[in-house]
Amino acid sequence: MDLGIRGKKALVCAASKGLGLGCATALAEAGVDLVMNARGAEALEAVAADLRARFGVSITTVAADITSEAGRAEVLAAAGPVDILVTNAGGPPPGVWSDWTRDDFIKALDANMLTPIALMTALLPGMIDRGWGRVVNITSQSVKAPIPQLGLSNSARTGLTGYVAGTARQVAQHGVNINNLLPGIHDTARAEALDSGVSKSQGVSMEEARKQRQATIPTRHYGAQDDFGAACAFLCSQQAKFIVGQNLLVDGGATNATI
C-alpha cells in the first residue's frame, strides 16, 4: 500500500534502537525524510547510514537527551518544520509502590508525559498552519491495564493519554491527527531488562524468564519492532485521516479487555 507520505518529514525520538528504530525504518521505507534523535551519537549515525543506503531518504541525526530542555531545544532547532512527530522515551525502572519517592515520579513525568507534551506544543502550530500533520506517541499497554511493578510508567503514560484525548479533538479540524501506540512486550532491550529482573528475583535463567512472559501473551511470542513500525507508519499515512485520539494496542492480545 502506498501510504501517501513520500516527501514528508518526520521527527522520530529514541530512534537508534528498539521501537523507535522500527518506526523510523517503516517511515523511511514509505519515503519519509527523517530527523532521528537518540542519546548515543555513534549508534544513531550507524542506523541512519543504513536507512539512507536502503531507502534513499534524507536523514538528519541529533544526539541529545530529548527529556531535557536543552536537548529538546537542540533537536527542535535541527528539525525545523516537520509533518510527522513520533514521541518515544525509555520507561522508568520497575519496582513496588514503597520504592518510589516524589523525585522518581517527577523524573517519570518529565520523560514520559511532559516531554511529549512539550514536543507537541512546539510542533503542532506549524502542522496546523500547513493543514496537515501526524503525531504518534509510543506509550504502553499499561494505560489500558496497569502493570503493578511499572507504577511510575503507569502514572506518567496515563497522564499523557488524558492530554492527548482532549488535544487530538481540538486539532483534528486542521488536518492534524494525534494517536497513541500502546506496545506490549517486544523483542527489544527493554524486554531483556525486564526479563533480567525476573531472572534475578526468581533465581531462574533468562530463557525461563522469557518463557514465563511469553506464556502470558496469546500469540506466545514477543512482538517484532518492524511490525510495530509498520503500525506507526499506517497511523502517519493519508489513509489514517479519520483515526483521531485513539489508543492502539500492539501487544499480541496480552491486555485482557472487551473494549
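Student: What do the side chains of Arg210 and Asp187 meet in?
Tutor: A salt bridge, at 3.3 Å from N to O; the term means a side-chain nitrogen of Lys or Arg within 4 Å of a carboxyl oxygen of Asp or Glu. The pair links distant parts of the chain, 23 residues apart, with Arg210 in helix H7 (residues 206-214) and Asp187 in the loop between strand E6 (176-183) and helix H6 (189-202). Helices (H or I, at least four residues) and strands (E, at least two) are DSSP runs, numbered from the N terminus.
Student: Before I go on, what sort of model is this?
Tutor: A predicted one: local features need pLDDT of at least 70, side-chain atom pairs count only at pLDDT 80 or more, and totals for chains, interfaces and linings use all residues. Residues are numbered from 1 along each chain as its sequence is written, and side-chain values use heavy atoms, leaving out hydrogens and water.
Student: OK. Is Asp187 buried or partly exposed?
Tutor: Partly exposed, with a relative accessible area of 47%. Arg210 is partly exposed as well, at 29%. Buried means under 20% relative accessible area, exposed over 50%, and partly exposed in between (1.4 Å probe, protein chains only).
Student: And which residue does the side chain of Asp195 meet in a salt bridge?
Tutor: Arg213, at 2.8 Å from N to O. Asp195 sits in helix H6 and Arg213 in helix H7, so this pair ties together parts 18 residues apart in sequence. Both Asp195 and Arg213 are buried.
Student: How many salt bridges does the structure hold?
Tutor: Seven. One of them joins Arg130 and Asp83, at 3.8 Å. Arg130 is in helix H4 (residues 102-130) and Asp83 in the loop between helix H3 (69-79) and E4, so they tie together parts 47 residues apart in sequence. Arg130 counts as partly exposed at 40% relative accessibility, while Asp83 counts as buried at 15%.
Student: Switching topic: how many disulfides turn up?
Tutor: Zero in the whole structure, where a disulfide is a pair of cysteine sulfur atoms within 2.5 Å. For Cys232, the nearest cysteine sulfur is that of Cys23, 3.5 Å away.
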